[in-house]
Amino acid sequence: MIPKVFREVIDLGDGREISIETGKLAKQAHGSVVVQSGKCMLLCTVVSNYEQKDLGFLPLTVDYREKFAAAGRYPGGFFKREARPSDGEVLTMRLVDRVLRPLFPKDYTAETQVMIQLMSHDDDVMPDAMAGLAASAAIQLSDFPFECAISEARVGRVNGEFVINPTRAQLAESDLDMMIGASADSVMMVEGEMDEISEEEMADAIKFAHEAIKIQCAAQLRLAEAFGKKEVREYEGEREEEDLAKKIHDMAYDKVYAIAKAGSAKHERSAAFKEIKEDIKASFSEEEMEDYGGLISDYYRKAEKAAIRDLTLNEGLRLDGRQTDEIRPIWCEIDYLPSTHGSSIFTRGETQALATVTLGTSRDANKIDMPSYEGEENFYLHYNFPPFCTGEARPIRGTSRREVGHGNLAQRGLKGMIPDDCPYTVRVVSEVLESNGSSSMATVCAGTMALMDAGVQMKKPVSGIAMGLISDAASGKYAVLSDILGDEDHLGDMDFKVTGTADGITACQMDIKVKGLSYEILVNALQQARAGRLHILEKLTDTIASPAADVKPHSPKMVTRTIPNEFIGALIGPGGKVIQELQKETGTTIVINEDPVTEEGIVEILGTDQNGIDAVLTKIDSLMFKPQMNESYKVKVIKMLDFGAVVEYLDAPGNETLLHVSELAWERTENVTDVVNMGDEFEVKYLGTDPRTRKEKVSRKALLPKPEGFVERPPRSNDRDRGRGRDDRNRDRKPRRD
């Protein structure tokens with residue numbers, strides 16, 4: 001039976017559109033859609049179990065995968081099967097998860113899975129921009145308890161005009177790349193990188209994307225209506241005991257308020273709050289604890305959150321005693337690690353990052369091999385968040401999604417300030433050693449100093465800051481918090497991180513938890529972030545004002561040389577013999593790439609010893625040496641033969657040629673050693689290539705005066721002439737009688 005297909009189309013303008021279709025594929029899932037733009041197709045399925053789990057949180061899994069078959073390619077590597085997700089896929093998962101998760105009820109704990117797959121690829125369509133739309137559209141067709149439709153859109157700006165879901169080619173010309181997630185009513189998530197734009201320009205980009213998202217949300221609702229929207233499933237939510245909630249609030253609120261107002265360090269404060277909680281639990285009987293134990297903890301957390309928020313809104317004070325716009329004390333240090341190419345420590349309050357820089361060749365570039373994109377990064381940043389940085393012990397199971405996401409944010413904040421002509425591949429690694437409030441922004445600050453310490457000629461230094469927001473819709477009060485603590489991140493209404501130079505924003509990441517946040521509050525928050533960012537930037541430049549003039553003595557020096565393609569084979573040698581021996585002799589690393597524009601070879605020479613680098617350059621010059629007709633060159637005898645001497649051009653070591661015995665002197669030379677010996681140096685004249693032997697010809701005698709009365713012997717006739725002479729003589733002979 002032919003399935004009934006339901007379809008909605010969204011017009012993106014300039015001839016592009018997105019279609020959402022359901023009814024054909026994956027009908028046993030609780031919701032499934034195919035989202036298509038051009039030849040790009042995403043299949044999204046959603047399933048949520050009907051059994052609630054006693055976890056206290058929603059076990060939501062968002063999985064995004066790109067199938068290599070979608071681009072007509074095989075997976076790279078030994079195993080020809082898609083395996084663990086790439087960093088690019090993980091970043092897309094995070095973008096979708098951050099918008100979906102807050103829209104499920106807080107007491108909904110059924111295991112829920114959202115799976116998005118790239119099934120067909122289009123070079124002109126970036127699939128990650130449609131992943132949020134696909135996820136929400138599939139959920140709208142299900143019976144999940146989900147608040148409202150959402151979508152995500154990418155916005156770029158080309159020639160001063162904003163563009164929704166730009167192509168990769170358009171994005172290359174854009175001065176910003178932002179992903180915005182929102183419902184029809186509220187912006188919920190922003191992430192992207194920018195070319196030093198202003199706070200107002202950033203707000204305008206968000207507004208532009210939000211208008212497009214409203215259209216996409218409406219299309220989802222029309223599709224769900226046509227398909228037949230299911231009734232929302234019933235589930236057993238958490239118990240509500242209003243009297244118990246009020247009792248615990250009354251017991252905890254004033255005590256928490258007093259401790260919060262006193263201002264203290266993280267561990268001291270946590271211990272005091274824990275004591276209040278334990279005292280409250282002790283006031284209940286064993287029977288009551290068995291019946292209400294989980295609720296007591298939940299209601300205490302709510303009371304604690306209310307007290308801390310009220311302290312900030314009413315008195316402008318924070319957990320550690322700071323004012324709302326105050327930055328924690330900062331200290332910095334560079335060149336801490338003696339063996340790295342660059343290093344720095346950035347400490348802000350109870351957050352600390354140790355950054356290192358490593359310089360390498362293009363061979364060390366980070367290769368990206370995804371169905372939707374193939375390329376490489378010559379600047380990349382890795383972020384590590386070990387458990388000890390928060391005073392915890394937990395299993396280490398590879399790189400977490402959080403580490404990938406925070407590292408990517410820091411990388412986007414810094415990469416625009418790496419000069420285009422930087423000859424190195426640059427890797428930054430951030431080791432978070434302490435964390436209580438935005439270690440990703442500490443990574444940006446530490447990374448800036450480490451790069452400058454390494455001698456990378458950054459265009460401008462970059463700093464970053466994490467901001468928070470506490471607001472009360474009823475009273476209209478709000479407070480923007482600069483340099484937030486970890487606790488303030490959890491209890492606030494907005495967590496946003498901004499990186500930038502003194503002249504503008506280079507990257508941002510926002511998670512907005514409050515509905516209907518006004519753009520006025522958003523711009524005010526961004527302006528306060530700018531003031532804090534500039535304060536931190538001043539601390540960085542006090543430590544290191546500008547990049548080091550050169551790399552460290554033990555760091556590799558990089559020299560590049562362009563050579564015609566015809567000489568690449570000679571430099572490499574048969575089976576790589578020449579280049580391998582040259583690297584071994586000089587202690588350098590040599591990488592050869594081809595410039596696709598000029599079609600010439602680009603030789604990268606990396607080494608710590610300048611003499612070794614110079615030796616490689618000399619070898620290259622010698623390989624490219626071409627003597628000119630009738631020019632004189634100084635040579636040295638390196639080998640004696642019976643019929644001449646092998647000489648080496650002194651200006652091009654390794655370039656040898658034969659000086660024939662007949663070209664040694666004007667007089668007849670019986671023995672080569674009568675004229676020259678091993679090691680002799682003299683000048684010769686280059687006479688070009690002998691047409692008969694097709695070998696280069698040089699002459700010593702051509703530069704010597706001809707002896708007086710010297711008579712040059714007539715040239716010997718060639719074989720063909722001698723042959724013709726014999727033939728003529730034979731024709732003149734009379735035939736012999738037998």
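Predicted model: local features only at pLDDT ≥ 70, side-chain atom pairs only at ≥ 80, totals over all residues.
Residues are numbered from 1 along each chain as its sequence is written, and side-chain values use heavy atoms, with hydrogens and water left out.

View 1. A disulfide is a covalent bond between the sulfur atoms of two cysteines. Here it is taken as a pair of cysteine sulfur atoms within 2.5 Å. A search of the whole structure finds 0 of them. Cys332 is in no disulfide, and its nearest cysteine sulfur, that of Cys445, is 7.6 Å away. Cys332 is buried at 18% relative accessibility. Buried means under 20% relative accessible area, exposed over 50%, and partly exposed in between (1.4 Å probe, protein chains only). Cys508 is buried too, at 0%.

View 2. Arg154 lies in strand S7, residues 150-158. Helices (H or I, at least four residues) and strands (E, at least two) are DSSP runs, numbered from the N terminus. Arg154 has a relative accessible area of 5%, so it counts as buried. Its side chain makes a polar contact of 2.9 Å with that of Asp128. A polar contact is a pair of N or O atoms within 3.5 Å; within protein, one must be able to donate a hydrogen and the other to accept it, and residues adjacent in sequence count only if both atoms are side-chain atoms. Leaving aside neighbours within four places in sequence, Arg154 is in contact (heavy atoms within 4.5 Å) with residues including Met126, Val163, Leu171 and Asp177.

**View 3. An open sheet of 3 strands.** The order is S22-S24-S23, with antiparallel pairing. Strands S22 (557-563) and S23 (589-594) are the edges, each pairing on one side only. Two strands pair if DSSP finds at least two bridges between them. S23 and S24 (residues 601-607) share 6 bridges. Helix H14 (residues 610-623) lies across S22, S23 and S24, at about 5° to S22. Axes are lines fitted to C-alpha atoms, for helices over the stretch in contact, and angles run from 0 to 180 degrees between N-to-C directions.
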